[in-house]
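This briefing goes through a structure by topic. Have the sequence and the coordinates open while reading.

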Amino acid sequence: MNGAIALSRIFEAPVRAMRRDPQIAVIVAVGVVIGYLSLSPTLMLFYGSFLSKPLGVPGDLTLAHYVHAYTDPLTYQLLLNSFVFATGSSILATLLAAILAWIAIRTNAPFKKLFELTAIIPNIFPPVMLAVSWTVLLSPRTGLINRLLMELFNLENAPLNVYSLGGMIFVEALITTPLAFLIVSASLYSMDSSLEESARVAGSNNLQVAWRITFPVIRPALLAAAMLNFVRAIESFETPAIIALPARIEVFTTKIYREAIGAFPPNQNLAATYAVSLLAITMVFVYFYRRLTVSSERYVTVTGRGYRPNVIDLGKWRYAASAVAGAILLLIVVFPFIVLVYVSFITYVHVPGVKTWELLTLDNYRTNLTDARTYRALQNSLFLAVGGATLCMLLAALTAWVTTKTKATGRSIIEALTFIPWAFPGTALAIGLLWTYVYVPLPIYGTLWILFIAYITRFLPYGLRTMTSTIIQIHDDLQDASSACGAGFLTTFRRVLLPLLRPGFIAGWIILATIYLREFSTSVFLYSPGSEPLGPLLYHFYVDGNLGPMCSLAIVVSIICVILIGVAKKIATVGHQLEGR
Amino acid sequence: MKDRIRGTLEFLLIACLVAALSSVQALAQQANVEAGKKEGKVVVYGSVVPQAMEGLHQAFKKKYGIDVEYWRGSSTQVSERALTEWRAGKPGFDVVEANRGVQLIMKADGLFAKYVPPAAEKFPSQFREKDALITPWRVLPISILYNTELVKAADLPKTFDDLLNPKWHGKISIPDPTRHTTTAQFLWNLRRPEFKGDKWLDYVKALAKQNPILVESLAPVTTTIIKGEAPVGVTYIKYIKQYKGPVTYIPMDKYLTDPNYLSLSAKSSRANAAKLYIDFACTPDGQKEIAEDGEFVLAPGIFPPIKDAEKVAPRMVFMDNPSEDEFKKLMSVTFREIFFAK
């Protein structure tokens with residue numbers, strides 16, 4: 001009784017303060033939620049890596065898993081493999097993106113607008129599918145490109161082999177090129193072209209201007225893109241899952257998967273140990289990435305000078321530039337898409353020929369329509385995409401507001417906590433959440449809610465990025481005016497801030513919803529039968545050798561992504577019109 | 001006199017107790033159909049590819065109106081998931097379907113409840129389990145499968161030894177024995193006298209030198225063969241029916257065979273539906289349904305529509321089961337060194 005009274009006294013003052021000013025309640029709530037989402041999987045991941053017994057079994061603290069991991073020479077091999085894979089793919093992706101962005105944005109190459117649009121299309125494809133497409137194209141014996149090259153040049157052996165470290169680097173680079181393209185193209189759009197003009201006046205030709213002026217100016221963006229792609233690759237599980245096993249190459253994520261799921265018996269402690277190492281690596285790189293980009297991210301939209309970059313006349317070389325951009329797009333969009341369509345309409349994968357006509361079928365699509373497991377996965381993913389993205393964006397909006405528009409004491413702590421999800425690799429986060437919800441007495445383990453929490457945690461930074469850059473443009477006067485008119489915090493947030501935030505909110509929502517619909521590397525560790533989303537289902541189709549249903553489902557997923565984007569944009573337009581009345 | 005009366009009373013009491021206990025046990029084993037229907041669904045973790053379970057699940061639903069929520073993984077993944085959920089105190093399954101090796105390990109961890117489905121009484125006696133914790137229901141003979149469009153009749157490998165011919169270098173597909181329990185078990189069983197005996201490990205080393213294409217489990221071996229990535233591979237015969245494409249199997253003198261079992265979760269919240277499911281899978285109707293989809297079953301006289309299937313049955317050699325520690329050593333050490341040596 002005395003304890004209860006003491007407790008109520010402790011909380012009396014803060015509760016009174018919150019009643020007086022709901023803004024404080026919101027700040028506290030945001031702090032608690034962000035703190036919980038960031039810290040619980042991190043701490044439990046560490047706990048799991050130090051626990052002597054398997055998941056769910058009481059045990060003592062031990063260093064044995066670290067000793068085991070770091071006395072195993074294979075660990076150093078996989079460390080090397082991971083670094084070579086991530087470095088190689090990030091350099092290649094940034095190079096391809098830089099070339100493509102320069103041609104599409106700064107030159108007068110024909111079809112440049114089409115190139116710019118096409119470059120972001122892969123964002124609607126499930127990444128697992130892109131890796132599978134390339135195995136169909138570059139498998140050493142039956143790869144379609146290999147077969148073509150062998151026929152054309154009368155070769156006895158296939159010249160290319162996707163099942164190699166080189167193959168993994170190539171495929172991962174193609175998957176991450178669109179991301180690098182977005183970063184580099186934003187930088188090219190916002191750069192001041194007067195420097196280039198000055199160089200040109202001073203007698204430099206196009207190549208000299210590009211090398212001496214454009215390249216140094218956009219170097220921070222290139223570095224940021226390379227660093228982000230490095231992190232994306234080192235935490236990637238999609239490409240290694242499809243290619244590394246047949247190539248007998250082990251990287252961090254395959255090792256975590258092997259220990260947590262793929263091994264017999266599983267060893268989630270060791271998986272947690274490797275995940276801690278991976279988390280440490282990504283934290284270092286994300287820290288440097290954030291230092292590089294944090295100012296440009298925050299203020300990129302408020303420069304307001306409306307630079308219009310000069311278009312560089314390439315003369316007769318413009319056709320060659322188009323050919324180069326077209327070739328890059330063939331690799332990142334056209335080839336994978338053709339393979340998806342082809343495999344989705346045939347009975348089994350084979351080198352196209354006369355018999356292809358006999359093997360054409362709609363069965364793969366029919367299976368998708370009638371299969372209960374597929375139907376359930378579709379429902380689960382749609383729920384996660386729509387519900388998860390909405391909730392995540394609301395949380396992002398509130399967090400961005402707390403960190404940019406208030407002078408609350410703990411806001412720097414909240415800002416620091418958002419760093420953790422930035423750096424958390426999907427595989428490591430999944431292992432952390434597994435350890436969390438086995439022990440937390442909430443009915444979350446084995447349900448769709450664990451995925452819901454995982455998605456919000458992992459992708460909150462994406463929402464924060466769009467909301468922060470939007471919210472920072474809203475002048476404090478609007479908020480003050482609303483308060484002066486007698487509106488409370490909640491009314492101001494709902495009637496003043498949210499409508500102004502709508503463009504950023506919708507943009508962030510679209511990014512999140514399309515990611516959630518295709519998410520794989522976290523889901524594969526966390527889902528349970530019944531709560532299976534599309535990403536793991538696609539992988540299971542692959543593992544079971546059902547490529548036809550897999551490709552047809554991937555096309556359905558891509559179409560749903562496009563529909564989601566269309567609906568979100570429509571909602572934005574209708575909302576705007578309603579406000580105008 | 002008193003002693004006789006006391007003796008008689010004691011006898012009657014014991015008899016009543018035995019009768020009561022027997023009937024309780026019998027009742028505990030019987031599924032209540034109405035209760036099962038009310039439970040509405042049964043969650044099954046199994047190793048059969050979903051397309052081969054469709055017929056069985058539709059027939060079960062037609063008979064009892066109970067939905068089947070089916071999750072498929074390799075036997076390794078099924079046991080990993082079931083064990084993890086069990087240890088976490090949150091089992092999501094009512095029935096587990098997997099091979100004997102992993103079923104024994106799960107059984108030792110206490111995952112299963114006793115249940116003898118009436119329909120399984122007619123199965124061959126060699127498959128009767130004394131403790132009634134796992135129920136056999138199908139068998140999976142392993143052979144060499146090949147692509148009928150890519151391998152000429154003259155080149156066909158007739159035995160596992162033929163796979164060591166240099167012409168098959170890089171052209172064989174097998175599951176990764178460091179990740180797939182059944183494959184680890186299969187290679188380990190080559191030590192049996194009918195196969196390689198004491199030289200089994202030499203054979204495994206020679207096979208690894210052939211640089212086989214390693215895949216996740218036995219199912220994708222078939223698609224690797226159909227695609228032509230590997231013209232030959234080692235996997236279950238049944239897949240020639242379950243996957244469309246130019247693939248068939250090599251007839252052999254003996255087939256190492258993997259019996260698979262159904263088990264009832266000891267913490268099932270839908271125990272009646274689960275029992276009905278296990279029983280139905282063992283009835284002639286259930287056995288016919290999965291046999292139609294290529295499975296070799298235990299019900300006498302029922303065969304899959306696979307050429308010479310009835311000749312396969314007498315040549316099956318059932319695999320021995322490594323203990324959990326033996327599995328660990330085989331997968332993490334022995335085969336890892338052999339297949340992943342640089």
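Helix axes here are lines fitted to C-alpha atoms over the stretch in contact, and angles run from 0 to 180 degrees between N-to-C directions. The model is a predicted one.

**Chains**

- Chain A has 25 helices and 0 strands.
- The radius of gyration of chain A is 25 Å, close to the 25 Å from the globule rule for 581 residues, so chain A is as compact as a globular protein of that length.
- Along the principal axes, the C-alpha atoms of chain A fill a box of roughly 90 × 70 × 50 Å.
- Chain B contains 13 helices and 12 strands.
- For 342 residues, a compact globule would have a radius of gyration near 20 Å, and the 23 Å of chain B agrees with this.
- The box filled by the C-alpha atoms of chain B, along the principal axes, is roughly 90 × 45 × 40 Å.

**Domains of chain A**

- Domain 1 of chain A puts 41 residues into the contact, and domain 2 of chain A puts in 41 residues.
- On the domain 1 side of chain A, the elements that each supply at least two residues include α2 (22-50), α20 (448-471), α22 (489-518), α24 and α25 (547-580).
- The largest share of that side, 11 residues, comes from α25(A).
- By class, the side of domain 1 of chain A that touches domain 2 of chain A has 25 nonpolar, 13 polar and 3 charged residues.

**Domains of chain B**

- Chain B is assigned domain 1 (9-138 + 261-311) and domain 2 (140-257 + 317-339).
- The centres of domain 1 and domain 2 of chain B, taken over C-alpha atoms, are separated by 28 Å.
- In chain B, 21 residues of domain 1 are in contact with 19 residues of domain 2.
- The elements giving two or more residues to the domain 1 side of chain B are α3 (50-64), α4 (75-87) and α5 (100-108).
- α5(B) gives the largest share of that side, 5 residues.
- The side of domain 1 of chain B that touches domain 2 of chain B divides into 9 nonpolar, 7 polar and 5 charged residues.

**Helix α6 of chain A and its partners**

- Helices α6(A) and α8 (residues 165-190) of chain A pack with their axes 10 Å apart, at an angle of about 135°.
- α6(A) and α8(A) are therefore oblique to each other, and their crossing is right-handed.
- A:Pro127, A:Leu130, A:Ala131, A:Trp134 and A:Leu138 of α6(A) make this contact with A:Gly167, A:Val171, A:Leu174 and A:Ile175 of α8(A).
- By class, the contact of α6(A) with α8(A) has 8 nonpolar, 1 polar and no charged residues.
- The axes of α6 (residues 127-138) and α24 (residues 534-543) of chain A come within 9 Å and cross at roughly 20°.
- α6(A) and α24(A) are therefore roughly parallel to each other.
- In this pair, A:Val128, A:Met129 and A:Val132 of α6(A) meet A:Gly535, A:Leu538, A:Tyr539 and A:Tyr542 of α24(A).
- The contact of α6(A) with α24(A) consists of 6 nonpolar, 1 polar and no charged residues.

**Helices α9 and α10 of chain A**

- The axes of α9 (residues 194-201) and α10 (residues 206-234) of chain A come within 10 Å and cross at roughly 160°.
- An angle over 145 degrees counts as roughly antiparallel, and α9(A) and α10(A) are therefore roughly antiparallel to each other.
- The crossing of α9(A) and α10(A) is right-handed.
- A:Leu195, A:Glu196, A:Ala199 and A:Arg200 in α9(A) meet A:Val209, A:Arg212, A:Ile213, A:Thr214 and A:Val217 in α10(A).
- The residues of the contact of α9(A) with α10(A) are 5 nonpolar, 1 polar and 3 charged.

**Contact between chains A and B**

- Chain A has 32 residues in contact with 42 residues of chain B.
- In chain A, α11 (238-247), α12 (252-262) and α24 are the elements that give two or more residues to the side touching chain B.
- α12(A) gives the largest share of that side, 3 residues.
- The side of chain A that touches chain B has 17 nonpolar, 10 polar and 5 charged residues.

Notes:
Residues are numbered from 1 along each chain as its sequence is written. Chains are lettered from A and ligands numbered from 1 in the order in which they are written. This is a predicted model: local features need pLDDT of at least 70, side-chain atom pairs count only at pLDDT 80 or more; totals for chains, interfaces and linings use all residues. Helices (H or I, at least four residues) and strands (E, at least two) are DSSP runs, numbered from the N terminus. Angles under 35 degrees count as roughly parallel, over 145 as roughly antiparallel, 65 to 115 as roughly perpendicular and the rest as oblique. Two residues are in contact if their C-beta atoms, placed from the backbone, lie within 7 Å. Ala, Val, Leu, Ile, Met, Phe, Trp, Tyr, Cys and Pro count as nonpolar, Asp, Glu, Lys and Arg as charged, and the others, Gly among them, as polar. A crossing is left-handed if the near helix is turned anticlockwise from the far one by less than a right angle, and right-handed if clockwise. The radius of gyration is taken over C-alpha atoms; the globule rule is 2.2 Å times the number of residues to the power 0.38. Domain bounds come from an automatic or database domain assignment.
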